[in-house]
Amino acid sequence: MLYAVLFAGLLSIFYCWNQISLPLLSAWYVVVGPTASGLESFIAYERSVALHGVLKNFGVKDKGTEVDPGVIIASPSQQDPDYFYTWTRDSALTATMLIDAFLAGDTSLQPRIEDYISAQAILQTVASPSGDLTDGSGLGEPKFEVNSTTFTGPWGRPQRDGPALRATALIAYSLWLLSKGEKSRVISQFWPIISNDLNYVGEYWNQTGFDLWEEVEGSSFFTLAVQHRALVEGQAFAERIGTVCAACRTQAPQVLCFLQSFWNGGFIMSNINDQSGRNGKDASTILGSVHTYDSDAGCDDLTFQPCSSRALANHKAVTGAFRSLYAINSGRGQGAAVAVGRYTEDVYYGGNPWYLCTLAAAEQLYDAVHQIHLIGSLVIDALSLAFFQDLDPLVEAGRYSASSEVYSNMTAAMLKYADGYLSIVHDFTPTDGSLAEQYFRDDGSPLSAAALTWCRPILRP
């Protein structure tokens, strides 16, 4: 996302696959946005398309459809590929977007949010091949049928990011309810759902599972990053309502410690303890940094904040891996935005750029600039120097105050660089504003599932 000026609560994000959702009004997600007027027009147009598209994939009471109320489908596509299911992860991130829009003033969304929460309370109790609620193992089941029954087919299970993301979404909504004096309702109706998910994270975070792409079994950076966030927020929330989250208190420091294992000195490994044979450069690590963005954390390397030296070095490594991979990136040199895919070894539909991955590359940069502005200084060190020299080959390591020319030039260059990623999405978005899952590596034409909830752009006032 992008803006030369802060848009407090303006830009939520482009949704692809239900999963990219940035709560801009919270301490976790505040963004700066596009500098080019053409991009602002593009965003304004996409805003009119986005929410409508998301809500079309949402089960509603008394509509007489096979989709249960509150259930969010990944896509209406039922063949090539069949995404007519509800994923815990995707639904949680879509719900987070709806909650953010509600908190920003769209009160019409509250019934949808309440329906989503009711649907999740049911789904938590559904026994599945992953297990059931008796020991919590069933919460790791990645997807269900749209009528809230078990999906029994073969799949990459368990997936351990969904419960963490759902807890984060419900905490955000519950905090609003607390501000309206509804503590008793929060404790009786919402805390049981939240605590189920937090206890699951605390119990199973150190066991392997499948990553967000549903392909690699191992330990996933994205999963661990969102789990750490959920435990930290869960601890604060439990204290707020006068209860205890023992799993949050004891396990959050251990998750943070383990998270450091993904840093290899040059970039963030997407997965460890796996047998994939991949090089580890994967857009999921950029997504992990974006989804755990905390405007109050500064450029913290331990939590891989967007402006941290580790995250910026990783941004260069991951995006650079696609620079010569796709024909549509031809002629795009260092310091220029590129179309970004999931990982270089990807063969799904031939291995192409994904809208959500390209947008995540932009989002990290906007978040980073916002954090730098909050700090009031820019630090360029040995680890981040190569990233900044792509933008200005003459820049040197050092600490630069907000009044310095280097600070002004480099933050402006970062915003321009971020705008470039959004421009690529603009260039390859159909005129109706819809976003598929992927766009073809040679000519940018849309590919794979259409009307993908995770690929819905959403802007809120």
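Predicted model: local features only at pLDDT ≥ 70, side-chain atom pairs only at ≥ 80, totals over all residues.

Reader: Okay, what is Cys307 joined to by a disulfide?

Author: Its partner is Cys299, with the two sulfurs 2.0 Å apart. Cys299 comes out at 34% relative accessibility, so it counts as partly exposed.

Reader: And remind me, what is a disulfide?

Author: It's a covalent bond between the sulfur atoms of two cysteines.

Reader: Is the one between Cys299 and Cys307 left-handed or right-handed?

Author: Left-handed, because the torsion about the S-S bond of Cys299 and Cys307 is about -115 degrees.

Reader: How many disulfides are there in the whole structure?

Author: A search of the whole structure turns up two. Cys245 and Cys248 form a disulfide as well, with 2.1 Å between their sulfur atoms. The S-S torsion for Cys245 and Cys248 is about 65 degrees, so that disulfide is right-handed.

Reader: Are Cys245 and Cys248 buried or exposed?

Author: Cys245 is buried, at 4% relative accessibility, and Cys248 is buried too, at 2%.

Reader: What about Cys257 and Cys357, buried or exposed?

Author: Cys257 is exposed, with a relative accessible area of 55%. Cys357 counts as buried, at 1%.

Reader: Switching topic: how many aromatic pairs are there?

Author: The count comes to 23 aromatic pairs. One of them is Tyr85 with Trp87, an edge-to-face pair with 6.1 Å between the centres and 85 degrees between the planes. Tyr85 is buried at 12% relative accessibility, and Trp87 is buried at 4%.

Reader: Which of the two is buried?

Author: Tyr173, with a relative accessible area of 0%. Trp176 is partly exposed, at 22%.

Reader: Back to Tyr85, which cluster is it in?

Author: Ring pairs link Tyr85 with Tyr83, Trp87, Phe151 and Trp155 into a cluster.

Reader: And what lies over the face of Tyr85?

Author: Lys143 does, 3.8 Å from the ring centre.

Methods: Residues numbered from 1 in each chain as written. Heavy atoms only, no water. Disulfide = S-S within 2.5 Å. Buried < 20%, exposed > 50% of the residue type's maximum accessible area, 1.4 Å probe, protein only. Phe/Tyr/Trp six-rings, centres within 6.5 Å; stacked < 30°, edge-to-face > 60°. Lys NZ or Arg CZ within 6 Å of the ring centre and 35° of its normal.
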